[in-house]
Amino acid sequence: MSAMSPFRPAPRRLRQLAVSVPLSLALLGGGLPASAEDVTSPADSAQDARQGTDLPLDELRTFAEVFERIKRTYVDQVDDRTLLKNAMRGMLEGLDPHSAYLDQEDWQDLRENTDGEFGGIGIEVGTGDDGQLTVIAPIDDTPAARAGLQPRDVILKIDNTPLDGLSMSESVKLMRGEAGSRIRLLILSEGADMPREVVLERAIIKSSSVSQRLLDPGYGYLRISQFQSATGDEAHTALARLREDNEGEPLKGLVLDLRNNPGGLLSAAVEISDLFLSSGRIVYTEGRLPDSELSFSAKPDTPAGDTPLVVLINGGTASAAEIVSGALQDQHRAIIMGTDSFGKGSVQTVMPLGNGDGLKLTTALYFTPSGRSIQAEGIRPDVEVVRGRLERDTRRDFSVREADLDGRLDNANAASESASSKAPDSPVVAESDYQLGEALNLLKGMNVLGRSAALKATVPTSDE
């Protein structure tokens with residue numbers, strides 16, 4: 001299968017914390033040697049050693065010794081299957097931060113993330129000032145909205161489980177489940193003296209990864225939070241809605257917000273890039289196997305036309321979001337603004353195993369049209385703008401990026417935010433989001449100066 005294939009495995013997002021979801025979700029076969037003919041014999045060991053295919057017997061003996069000592073002396077009894085599965089997990093986790101062993105629950109989480117569908121109650125949640133799980137907003141036409149849950153409601157219990165001490169990801173996991181199943185929440189509403197119990201029936205929730213609005217007359221804002229299977233179609237619809245909101249007139253400029261976008265599907269990244277590009281390469285990949293070497297180019301149809309474009313990125317912009325940023329930057333189609341991106345330039349392939357589990361394995365690196373590898377380097381903005389609030393010096397930033405992760409791959413080159421009406425005027429935009437305000441100002445300047453002159457003034461040449 002092609003690495004462009006959407007994720008549709010028979011078994012059922014590995015939950016993302018500091019890293020992005022995989023770019024490529026192709027299903028490849030794999031297994032153990034089929035017969036004794038595939039087993040190395042002592043007579044072949046010298047030749048196989050030169051080829052790097054012989055098994056290290058000393059390390060295998062040590063593995064067996066460690067296995068036996070755990071079995072005999074560990075404080076609790078552990079079954080063989082658990083020990084072997086933990087060994088396989090460790091084998092993958094030792095490769096790089098993005099390779100992993102996926103059990104069937106992990107398969108389901110991964111599919112939910114890439115498809116944007118899951119069984120749940122339909123609320124966005126966050127952590128309040130006191131650390132309690134708090135409702136940010138119920139999603140329209142979902143069990144949570146129909147039950148009357150409101151922003152600032154605090155969730156104290158899920159079924160019989162108190163949430164004190166649980167992480168947000170653990171709490172979210174408790175709320176998800178099969179459509180039709182029931183869930184009891186203990187809710188404390190703002191201003192209420194006593195909590196109340198709410199019983200909900202889970203349903204299929206569809207999450208959107210794209211939102212849009214007008215910043216000023218003629219100037220649009222397109223936010224992509226992650227790259228799912230439907231992201232391309234959603235963005236195409238969002239562009240059409242922006243034009244409708246602009247009284248049917250073409251936009252004078254557009255801000256594409258990819259800040260804190262952890263990535264997602266490679267196919268979605270290509271589709272988003274193709275909305276703004278009419279020709280040329282978007283991205284290509286290189287790996288050890290021929291099937292991992294892919295190249296994607298833009299098609300002539302360009303829904304966004306030549307609308308002036310500013311792309312916002314930051315340290316949370318990773319993976320597929322970096323593919324889009326890099327393609328638009330290399331093709332001189334957009335001005336990239338913000339701070340350095342995360343720097344995840346590797347492709348993960350999901351491979352099913354015979355027991356119903358799977359592997360998420362790094363199989364290739366991706367490169368921008370000009371041949372840049374983003375791995376552990378990231379995308380550097382053409383215009384550096386930090387958030388207009390109290391922050392650390394960006395040169396002494398303590399945020400985590402790909403280059404800071406243990407076991408990360410080195411850079412190959414170094415080695416050789418739904419539709420709404422008009423939003424506040426630009427001064428208010430700048431007050432609430434300094435980077436967005438600066439992007440809007442730049443777009444207005446591009447219309448005054450002319451796009452080519454603005455690009456020349458802001459984008460450094462290769463000699464600089």
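How many salt bridges does the count come to? The count comes to 17 salt bridges, a salt bridge being a side-chain nitrogen of Lys or Arg within 4 Å of a carboxyl oxygen of Asp or Glu. The structure is a predicted model, in which local features need pLDDT of at least 70, side-chain atom pairs count only at pLDDT 80 or more, and totals for chains, interfaces and linings use all residues. Residues are numbered from 1 along each chain as its sequence is written, and side-chain values use heavy atoms, with hydrogens and water left out.

One of the salt bridges joins R72 to E68, with the closest N and O atoms 3.5 Å apart. Both residues belong to helix α2 (residues 57-73), where a spacing of 4 residues separates them by about one helical turn. Helices (H or I, at least four residues) and strands (E, at least two) are DSSP runs, numbered from the N terminus. R72 is exposed at 58% relative accessibility, whereas E68 is partly exposed at 39%. Buried means under 20% relative accessible area, exposed over 50%, and partly exposed in between (1.4 Å probe, protein chains only).

A further salt bridge links D216 and K444 at 2.6 Å, N to O. D216 is buried, with a relative accessible area of 7%, while K444 is partly exposed at 25%.

D257 and R223 also form a salt bridge, their closest N and O atoms lying 3.6 Å apart. This pair links distant parts of the chain, with D257 in strand β12 (residues 253-257) and R223 in strand β11 (residues 219-224), 34 residues apart. Both D257 and R223 are buried. Salt bridges with shared partners join R223, D257, R259 and D433 into one network.
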